[in-house]
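Hi,

Here is the structure I said I would pass on. Have a look at it first, and then read my notes on the pockets and a couple of residues below.

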Amino acid sequence: MIYFRHVEKRLQKEGEYKMEKKSRFKRFRENKELMLLTIPGAVWFLIFAYLPMFGVIIAFKDWRIHGGFLESLIKSEWVGFDNFAFLFQSSDAWLITRNTVLYNLVFIVLGIVLPVTLAILLKELLNKRLSKFYQSAMFLPYFLSWVVVSYCLFAFLSPSKGLLNGILTSFGMDSVSWYTEPKYWPFIIIFMSQWKGIGYGTVVYLASICGIDKSYYEAAMIDGANKWQQVKYITIPLLKPILIIMFITAIGGMFRADFGLFYQLPKNSGALYPVTNVIDTYVYRGLMNLGNIGMSSAAGLYQSFVGLVLILVTNGIVRKVDKENAFF
């Protein structure tokens, strides 16, 4: 009797597997056009994202050039975790980690609050032409490189001919040597980061708001809800899935920093290192001064690993609180 039950369960599992296989094939046939459209993106990720992953071996080697890349990879001495130890035993390890994490915490909060607020305000504008103009004006800085932005900022902060110093001296105040005063730069960096990136976030959230069914707002208006109540009880709750996705992906970059923002914007001023030196700029300077490719690779691997752990942990917390809106 037990044997027949075992056979019955096995046949049932085989039947379920065949049905699942057929349903997968059916879904593939129904969506074959969409699957074909994904091929270029999949090939791009395979070539530029997955194949280079073999290069993480460099983080565990004392990299020396011995002819070609593969020959250098094979002949370079294996040093284990020495490259990681060099990074963490540095006297600036605490400083660069603190700066990277604290700046990113501020960027994550402002990068959600400000774009969502602006997206809601733009959606409520009655003049749609004016709304499109504002969208374009806010989105334009996103396409500028930090090199261009740094020279635009220098026009304002130049010690001798800067616009801000000109305004200060016209009111009888002393001019400020902005590029040697660290106390101002946390605010400058945060402001410039939001100024450059706020347009992108606003467009993302605005697209999500435009996708909300208008019947919700019509029903709320019939019930006498004002604009604030519509935003509070309809717009923000229905934005929750995209907010969670953006938050989780932002958490994954907690130990990464925008290199151009922290290197180009302050003009690589040594006096500003206490507030502008982050992991990425520190590794770059170490690579340029020491030529230690292994150490820079170790830093990149460390950032990627910590980012992966943060995404998994954050997604796990979200999944326990609200399983439907978890990333995966």
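Helix 9 is the top contributor to the lining of the largest pocket, giving 8 residues. Bear in mind that this is a predicted model. The lining has 25 residues in total, and Phe107, Gly111, Ser193, Gly197 and Ala250 sit nearest the pocket centre. Helix 5, helix 9 (185–210), helix 12 (240–252) and helix 13 each give two or more residues to that lining. By class, it splits into 14 nonpolar, 8 polar and 3 charged residues, around a space of about 800 Å³.

Gly111, one of those central residues, belongs to helix 5 (residues 93–124). Gly111 counts as partly exposed because its relative accessible area, 27%, falls between the 20% and 50% cut-offs. Beyond its neighbours within four places in sequence, Gly111 touches Gln194 and Tyr205.

Then there is the second largest pocket, with about 360 Å³ of space. Lys123, Glu124, Lys214, Tyr217 and Lys227 are the closest to its centre, out of 17 lining residues. Two or more residues each come from helix 5, helix 9, helix 10 (214–222) and helix 11 (227–238). Here the lining has 9 nonpolar, 2 polar and 6 charged residues.

One more spot to look at: Ser269, in the loop between helix 13 (259–263) and helix 14 (273–276). Ser269 is buried, since its relative accessibility of 14% is under the 20% cut-off. A polar atom of the Ser269 side chain lies 2.8 Å from the backbone oxygen of Tyr179.

Cheers

Technical notes: Residues are numbered from 1 along each chain as its sequence is written. This is a predicted model: local features need pLDDT of at least 70, side-chain atom pairs count only at pLDDT 80 or more; totals for chains, interfaces and linings use all residues. Side-chain values use heavy atoms; hydrogens and water are left out. Helices (H or I, at least four residues) and strands (E, at least two) are DSSP runs, numbered from the N terminus. Buried means under 20% relative accessible area, exposed over 50%, partly exposed in between (1.4 Å probe, protein chains only). Contact means heavy atoms within 4.5 Å. A polar contact is a pair of N or O atoms within 3.5 Å; within protein, one must be able to donate a hydrogen and the other to accept it, and residues adjacent in sequence count only if both atoms are side-chain atoms. On a 1 Å grid over the protein atoms alone, a cavity is a set of points where a 1.4 Å probe fits but cannot get out, and a pocket is an open set with protein on both sides within 12 Å along at least five of seven lines; lining residues have an atom within 4 Å of a point. Grid points are joined across faces, edges and corners, and a volume is the space filled by probe spheres set on the points. Ala, Val, Leu, Ile, Met, Phe, Trp, Tyr, Cys and Pro count as nonpolar, Asp, Glu, Lys and Arg as charged, and the others, Gly among them, as polar.
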